[in-house]
Amino acid sequence: MSPAPEAATDGPLVGLFVTCLVDLFRPSVAFAAIKLLEAGGARVEVPRAQACCGQPAYNSGDRDDAVAIARQVIEAFEPFDYVVAPSGSCTGMLKVHYPRLLADDPRCAERAKTLAAKSYELTSFLVDVLGLSEVEASYEGTVTYHDSCSSSRELHIRDAPRRLLASVTGLTLIELPESEICCGFGGTFSVKYPDISGAILDAKLNNILDTEASAVLAGDLGCLMQIAGGLSRERAKIEVRHVAEVLAGMTDMPAIAASLKSR
Amino acid sequence: MAEATISFKKAASEALADGELQRALQNVKTGFVAKRAAAKSRLPEFEALRAEARAIKDHTLTHLDLYLEAYESKVVESGGKVHFAPTAADARDIVLGLCHDYGAKLVAKGKSMVSEEIALNAHLQAAGMEVVETDLGEYIVQLRGETPSHIIAPVIHLNKETVAADFRRAHKGRLTSRRLSDVQDLVAEARSVLREKFLVADVGITGANLLIAETGSSVIVTNEGNGDLTSTLPRTHIVIASIEKIVPTLEDACTILRLLCRSATGQDITTYTTFTTGLRHEGDPDGPTAYHVVLLDNGRSEMLGGTFQDMLRCIRCGACLNHCPVYGAIGGHAYGSVYPGPMGAVLTPALQGLDHVRDLPNASSLCGRCEEVCPMSIPLPSMLRAWRERDFAEGKRSRAEGLALKAWAFAAKRPGLYHALAAVGVPLLTRLAGGRGRFTRLAFAKPWTRVRDLPAPEGRTFQQLYAKMQKDRK
Amino acid sequence: MSGSEDARSMVLTRIRGALGITKLDRARRAAVIRRLERHPRSTIPAQALLSPAGCVSQFAEMLTKQAAEVARVATPEDAVHAIASYLSSNNLPPRLRIGADLRLAALPWKAAWDISRVYGRAEPSDKACLSRAIVAAAETGTLFLVSGADNPTTLNFLPEFHMVLVKASDIVGSYEEAWDRLRKIYGERTLPRTVNMISGPSRTADIEQTIVRGAHGPRRLYVLIQG
């Protein structure tokens, strides 16, 4: 089934949840997401009144700020049919944790549930809602895929990214052993307990390097920055990209942590 | 507080640098993890049993007072006595008192986490009694003057050469030239040394995996048989268990046992699962003539009806430890608590308060594997967050951390300001990286760059680029 | 003793306080009594739901996998022969520690006239003991042995070689069926001092996760299924 023609005027209205890491560190991921969503027949808008899903506050125990941010996100994304984020952890925040955070808030409890029901991680939205089974992209090389903790265990996503990757011309997917074991990022954990985070990362890097794939992909920029940072420190010759970049055929730009002079 | 943070981080660093420990921890990841997965795949009813076990425990906890009373009356009926211990100190004193009453000189012990929790051995030893741990792992830990590093496999952190050296040092009156090079040799020697103790011990103390209200029984699961020798040979048998170990019936015990063994070691059942009820019956040629059960509260009753009630469903299988990337990196001792790993990070502050153990609930990436494998469906990550909320509210975090979070939240709640600040910071940061694509060193990001490189931004924020793109379109 | 009464009342009061129980609640009490009396079963795994023949063969199979030695004997005489040959093939003296169990006493011991049977609790010097299992569960290859003069508990743990006789008709599928058998014998809500569920010889993996047999209990477990 080929993707519907772009810029449909009657496709579902998607509000793109950019995520703070994508906004600050790798905008190309968001552009790739927009390209994929529009190719899939959705209309995409990016509300300006967004910054962060609130995970740093939430996971640090700062419930009040997490609630305040949640209310804002709910407000900003209310007008949309769907909310899509190129991130399992941010989607998990919206889908799983906002309802919990606002369970006792009479004004927002229902609205949080409504938002949760229409929030999706990118690849899962493309496959499960837009019904895509393939993308029009090519990528010559072997890739391996890391499943983020949120994608695996909060959102139960496994199939969607793999199905789309399988349709990329020239791409060979090598399964990563223990793909759903944590990479050690964990948000603030990575800087509060860097040595432990690094030790957990080492195990992940060993698994990645053992596949001998030429690239490693994931759907979460936090994981990708952790992994890319580790591989770069090791001077390993393996590319790190967000899965959206490959699916959207936008791999001309340097990989994550790669020198701008490369490629 | 500050002291405790340094000790956890220091202990964790030492653990990370300890080559022998790191090799041993591999055994946890490959051994227990694989075995549990295999056992689970052989039991199609695993998820159904999980749901039922949770319901059994929830029902029991909401009727805990009544089940404790029912259990007590059955113990008394079978000739035993039940002693309630509100605190650890009470439990220690009760056990010491009983040992005095029975003129105990030598006390044999089966494995009991609760006895570690209340530091029972030192209390009895201070009163002049000899206390011998009979579980092989616990025995070795005792010889070394250490604490166990894993609730199921106490000496998973040691290799056989280390154990052989401990045995040579501690076991007197044996040929120095004797062979202790194989694990078999070590086990054989431990068997003969401990056999002598079993046969003359005055009191046997065991823990309990479960207590059964229906019959007043206590249940222990072992592979060695030491718990059985401990509870059968000495004249007095003391069971020490925490109050949440109660289950209503034998059937409920069956359900939980099916999950416990598979989750802990990947066995369908341990070699010995033993139900002891009261003292020897008339005409029994063996068995104790006195039976006492010490029921420990030590903070558990306070957990009922609150945020941490679900933690009381824990059956101490150790699956969460085995699957935790943090435990897998630093081992059990670094936690500085009797209960390590995810369950320890939740339970320890519940039993003793957050002071001195603040790192425990914070040192987690919240990956969620623990909750995924917990046979009792305990929402561990949620409870870790709940502890973080209390920690945050108590305001004892470092100033730097507090400021950073406050600044971030301040901006995040004001997207306009956030975008404006990012629009300045991101280009600056990009320029600093100078085309290299990453930072190997960055002044304000030392905790990150000490361990790994930091990818550089792309020159502009997405919001900047998108806004420009929208403008260009018009 | 007033101290212990206070402690008991303190703990129970704390529990009730934490649960928000303010008064005697009939429904609560009734729920507890009902569960204790009816002891409802939860899910029993398919691996425990077997025909009688299936019970015997799975029981033998699982015990063997768990490092016990299992033999099927058709008649009491075959049982005695098997016991005698087990002792001799393991270079054990023809001497058995045994309890007062009538069914063991009624075995045709004259078929192995030189085996001396010594009665009572086990002594450390006993090399081999013979017990009878009151029931067994095929679910996990598990023997149920109960304390008492018939089969003293020490026989299960002190010797290096433990032999257990179990009748094929006493092998049920699930633990629950086994417990129901015990309830029929001992009554509701009553158990002997010790019930041992035994599923193999003693073992430990505490050192380097290496499995070694004969940690504290028997190194060898020989199970004879009769009938």
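Tutor: What follows is a set of questions about chain B, each answered from a value and its definition.

Tutor: This is a predicted model, in which local features need pLDDT of at least 70 and side-chain atom pairs count only at pLDDT 80 or more, while totals for chains, interfaces and linings use all residues. Residues are numbered from 1 along each chain as its sequence is written, chains are lettered from A and ligands numbered from 1 in the order in which they are written, and side-chain values use heavy atoms, with hydrogens and water left out.

Student: What makes L417(B) buried, partly exposed or exposed?

Tutor: L417(B) lies in helix 21 (residues 415-433) of chain B, and its relative accessibility is 34%, so it counts as partly exposed.

Student: Which residues form a nonpolar patch with L417(B) on the surface, and what makes a patch?

Tutor: Patches are made of residues with over 30% relative accessible area and no salt bridge, where like charges are joined within 9 Å and nonpolar side chains (Val, Leu, Ile, Met, Phe, Trp, Tyr) within 5 Å. A salt bridge here is a side-chain nitrogen of Lys or Arg within 4 Å of a carboxyl oxygen of Asp or Glu. F410(B) and L421(B) form the patch with L417(B), and together the three have about 270 Å² of accessible area.

Student: How do you know how many cavities the whole structure has?

Tutor: On a 1 Å grid over the protein atoms alone, a cavity is a set of points where a 1.4 Å probe fits but cannot get out, and lining residues have an atom within 4 Å of a point. A search of the whole structure finds 6 cavities of 30 Å³ or more. The largest cavity holds about 150 Å³ of space, and of the 19 residues that line it, the closest to its centre include C324(B), P342(B) and L384(B).

Student: Which helix gives the most to the lining of the largest cavity?

Tutor: Helix 16 of chain B gives the most, with 3 residues.

Definitions and conventions
Areas by Shrake-Rupley, 256 points an atom, 1.4 Å probe, with all protein chains shown as cover. Helix = DSSP H or I, 4+ residues; strand = E, 2+ residues; numbered from the N terminus. Buried < 20%, exposed > 50% of the residue type's maximum accessible area, 1.4 Å probe, protein only. 1 Å grid on protein atoms, 1.4 Å probe; cavity = no way out; pocket = protein on both sides within 12 Å on 5 of 7 lines; lining within 4 Å. Points joined across faces, edges and corners; volume = space filled by probe spheres on them.
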